[in-house]
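Me: I am new to this structure. Please take a close look at its aromatic pairs and walk me through what surrounds them.

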Amino acid sequence: KLEGGEGVSSSMQARASNIRARIQSLPLGSAFRLAWLTTPILCASPVYHSSGSIAGPHRESYSYAIPRRGLVRRATDFGEGGSVRRAYLWSHHIYAKKKKREIPELAKKLGLTGFCSTGKPGFIVVEGDEANVKRFLSTVKRWPWQRLIVRIQEDSEKGRAFGNFQMTGAGGGEKNDLKEVRQIMDQAGVGEHFETVAGIQTSSGNKDSNR
């Protein structure tokens, strides 16, 4: 639906209502029922750095959407003791209330676990089905950021490192606590990636690595 309801005919609205009612009648755990939650809406166009990171104005007027194509798989369909895809993201900052609300909601809809640590800088780690991790990345990359980098993507045969999706970190305009981020990653068994994700100078002289 377009802003203000313009451009949507009554027949289209009636058809959408009929489809929604039929899908809502499905069992709660149905992947088809999960998929109907994904609604395509317009997103602001970000500016891409040559390094692969994303730049854009910090504003609250943009919208969010999960990609429409493909079904969202249930969390019970994958990741329990099997291979999962894990992605580690670094952001210049995460302050916006919309991002704090929509990041965990998006992860939940896609059956992903991990954490988001807000403040400056910001960190996001998500894990789960490879296709759904890709959906998460493609969605958040379309949001406006001052800078956003996917530092690492890896496949783990040991299953999930996180039991749920956790929001943590600092408040608006505040610096993040890197010690807390390191502790969260250490407790999950992925602490060896902290310096790379944080872009911290290592003994080998590498800084701001973008693996």
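Reply:

**The aromatic pairs and their setting**

The protein is built from 6 helices and 7 strands. The model is predicted. Along the sequence, the elements follow the pattern α-α-β-β-β-α-β-β-α-β-β-α-α. The protein has 211 residues, and 42% of them count as buried. Of the contacts with a separation of 6 or more, 78% involve residues 24 or more positions apart.

Now to the rings. A pair of aromatic rings is described by the distance of the centres and the angle of the planes. How many aromatic pairs does a search of the whole structure find? It finds 2.

Take phenylalanine 115 and phenylalanine 162. Their centres are 5.8 Å apart, and their planes stand at 50 degrees. This pair is tilted. The pair links distant parts of the chain. Phenylalanine 115 belongs to strand 4, residues 113-118. Phenylalanine 162 sits in the loop between strand 6 (148-156) and strand 7 (165-169). The two phenylalanines are 47 residues apart. Are they buried or exposed? Phenylalanine 115 is buried, and phenylalanine 162 is buried too.

Next come tryptophan 143 and tryptophan 145. Their ring centres lie 6.4 Å apart and their planes meet at 15 degrees, so this pair is stacked. The cut-off for stacked is under 30 degrees between the planes. Both tryptophan 143 and tryptophan 145 are buried. The charged end of lysine 99 sits over the ring of tryptophan 145. The distance to the ring centre is 4.5 Å.

Helix 3 covers residues 97-109, and helix 4 covers residues 130-140. How do their axes run? They come within 10 Å and cross at roughly 155 degrees. Helix 3 is therefore roughly antiparallel to helix 4. The crossing of the two helices is right-handed. Which residues make the contact? Helix 3 supplies Ile103, Leu106 and Ala107. Helix 4 supplies Phe136, Thr139 and Val140.

Stay with helix 3 for one more residue. Glutamate 105 lies in this helix. Its relative accessible area is 34%, so glutamate 105 counts as partly exposed. Glutamate 105 and phenylalanine 165 are 60 residues apart in sequence. In space, their C-alpha atoms are 9.4 Å apart.

Go back to strand 4 and follow the chain onward. A cis peptide bond joins lysine 120 and proline 121. Its omega is about -5 degrees. Proline 121 is in the loop between strand 4 and strand 5, the latter being residues 122-128. Glycine 122 lies in strand 5. Is glycine 122 buried or exposed? Its relative accessibility is 1%, so glycine 122 counts as buried.

To return to your request: the phenylalanine pair is tilted, and the tryptophan pair is stacked. The phenylalanine pair links distant parts of the chain. The ring of tryptophan 145 has the charged end of lysine 99 over it.

Note on methods: Residues are numbered from 1 along each chain as its sequence is written. This is a predicted model: local features need pLDDT of at least 70, side-chain atom pairs count only at pLDDT 80 or more; totals for chains, interfaces and linings use all residues. Side-chain values use heavy atoms; hydrogens and water are left out. Rings of Phe, Tyr and Trp (its six-membered ring) pair if their centres lie within 6.5 Å; planes under 30 degrees apart count as stacked, over 60 as edge-to-face and the rest as tilted. Helices (H or I, at least four residues) and strands (E, at least two) are DSSP runs, numbered from the N terminus. Buried means under 20% relative accessible area, exposed over 50%, partly exposed in between (1.4 Å probe, protein chains only). A charge sits over a ring if NZ of Lys or CZ of Arg is within 6 Å of the ring centre and within 35 degrees of the ring normal. Axes are lines fitted to C-alpha atoms, for helices over the stretch in contact, and angles run from 0 to 180 degrees between N-to-C directions. Angles under 35 degrees count as roughly parallel, over 145 as roughly antiparallel, 65 to 115 as roughly perpendicular and the rest as oblique. A crossing is left-handed if the near helix is turned anticlockwise from the far one by less than a right angle, and right-handed if clockwise. Contact means heavy atoms within 4.5 Å.
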